[in-house]
Amino acid sequence: MFPQGGPGIGLLLLRLGAGGMFALNLTHQFSFSSNALHWFTMSLIGLISLGLLLGFLTPILTIFACGVAVANLVLADHPIDVVHILRILIPAALFFLGPGAYSVDARLFGLRVTVVPPRKP
């Protein structure tokens, strides 16, 4: 469930790309009149990007990142290009592949061995 070695490093790089694309997708689009609201939003974006990078609650954060990317694609008034499609596809691929062995999810929910005692006759 949590691949190691080359595939694990590949998933780490995919998480890095998903977190970076999520941060770049949102940070340049907000202009707030309130400084506190600006810092709150940027902190939330930073925490979600950091969660994607570290592999913490990866399925939930990738669904959120895909939803935000789709909303950005639909609601924005700019032409569709490859970058906007990649902002959807990278977290979607990460959702289906999982976080990999080098993640917080692997430490929290990794392989566990359950020993069942034999039944008594």
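The following dialogue discusses how terms are applied to a predicted model.

Colleague: What makes up the secondary structure of the chain?

Modeller: The secondary structure comes to 5 helices and 0 strands, and the pattern along the sequence reads α-α-α-α-α.

Colleague: How do you know that the span of helix H2 agrees with its number of residues?

Modeller: Helix H2 covers residues 35-54, which is 20 residues; at 1.5 Å a residue the helix should span 28 Å. Its end C-alpha atoms are 28 Å apart, and therefore the two values agree.

Colleague: Which residues of H2 are buried, and what follows the helix?

Modeller: The buried residues of H2 are Thr 41, Met 42, Ile 45, Ile 48, Ser 49, Gly 51 and Leu 52. After H2 comes Gly 55, with a positive phi near 80°.

Colleague: What makes the phi of Leu 57 worth a remark?

Modeller: Most residues other than glycine have a negative phi. Leu 57 is not a glycine, yet its phi is positive, about 55°. Leu 57 belongs to the loop between H2 and H3.

Colleague: Why is Leu 57 called partly exposed?

Modeller: Its relative accessibility is 33%. Buried requires a value under 20% and exposed a value over 50%, so Leu 57, at 33%, counts as partly exposed.

Colleague: Which residues touch the most other members of the largest nonpolar core?

Modeller: Of its 14 residues, those are Phe 22, Leu 26, Ile 45, Leu 52 and Leu 94. The elements giving two or more residues to this core are helix H1 (5-27), H2, helix H3 (58-75) and helix H4 (82-97). The largest share, 5 residues, comes from H1. In soluble globular proteins, nonpolar side chains tend to be buried together.

Colleague: Which residues are in contact with Leu 52, leaving aside its neighbours within four places in sequence?

Modeller: Leu 52 is in contact with Arg 15, Ala 18, Gly 19, Phe 22, Leu 61, Thr 62, Ala 65 and Leu 94.

Colleague: Why is Thr 62 called buried?

Modeller: Thr 62 has 0% relative accessibility; the limit for buried is under 20%, and Thr 62 therefore counts as buried. Thr 62 lies in helix H3. Apart from neighbours within four places in sequence, Thr 62 is in contact with Leu 52, Pro 91, Leu 94 and Phe 95. Between Thr 62 and Arg 15, 47 residues apart in sequence, the C-alpha to C-alpha distance is 9.5 Å.

Colleague: How many aromatic pairs does the structure hold, and why is the pair of Phe 22 and Phe 64 called tilted?

Modeller: The structure holds 2 aromatic pairs. In the pair of Phe 22 and Phe 64, the rings are 6.1 Å apart centre to centre, with 55° between the planes.

Colleague: Are Phe 22 and Phe 64 buried or partly exposed?

Modeller: Phe 22, with a relative accessible area of 3%, is buried, because the limit is under 20%. Phe 64, with 40%, is partly exposed.

Colleague: What makes the pair of Phe 95 and Phe 96 edge-to-face?

Modeller: The angle between the planes is 80° and the centres are 5.1 Å apart. An angle over 60 degrees counts as edge-to-face, so the pair is described in that way. Phe 95 is partly exposed, with a relative accessible area of 35%. Phe 96 has 69% relative accessibility, and because the limit for exposed is over 50%, Phe 96 counts as exposed.

Colleague: Where is Ala 23 placed, and which residues beyond its neighbours within four places in sequence are in contact with Ala 23?

Modeller: Ala 23 is in helix H1, and those contacts are Ile 45 and Ser 49. The C-alpha atoms of Ala 23 and Gly 55, 32 residues apart along the chain, are separated by 15 Å.

Terms used
Residues numbered from 1 in each chain as written. Predicted model: local features only at pLDDT ≥ 70, side-chain atom pairs only at ≥ 80, totals over all residues. Heavy atoms only, no water. Helix = DSSP H or I, 4+ residues; strand = E, 2+ residues; numbered from the N terminus. Expected span 1.5 Å × (residues − 1). Buried < 20%, exposed > 50% of the residue type's maximum accessible area, 1.4 Å probe, protein only. Core = buried A, V, L, I, M, F, W, Y, C linked by side-chain atoms within 4.5 Å. Contact = heavy atoms within 4.5 Å. Phe/Tyr/Trp six-rings, centres within 6.5 Å; stacked < 30°, edge-to-face > 60°.
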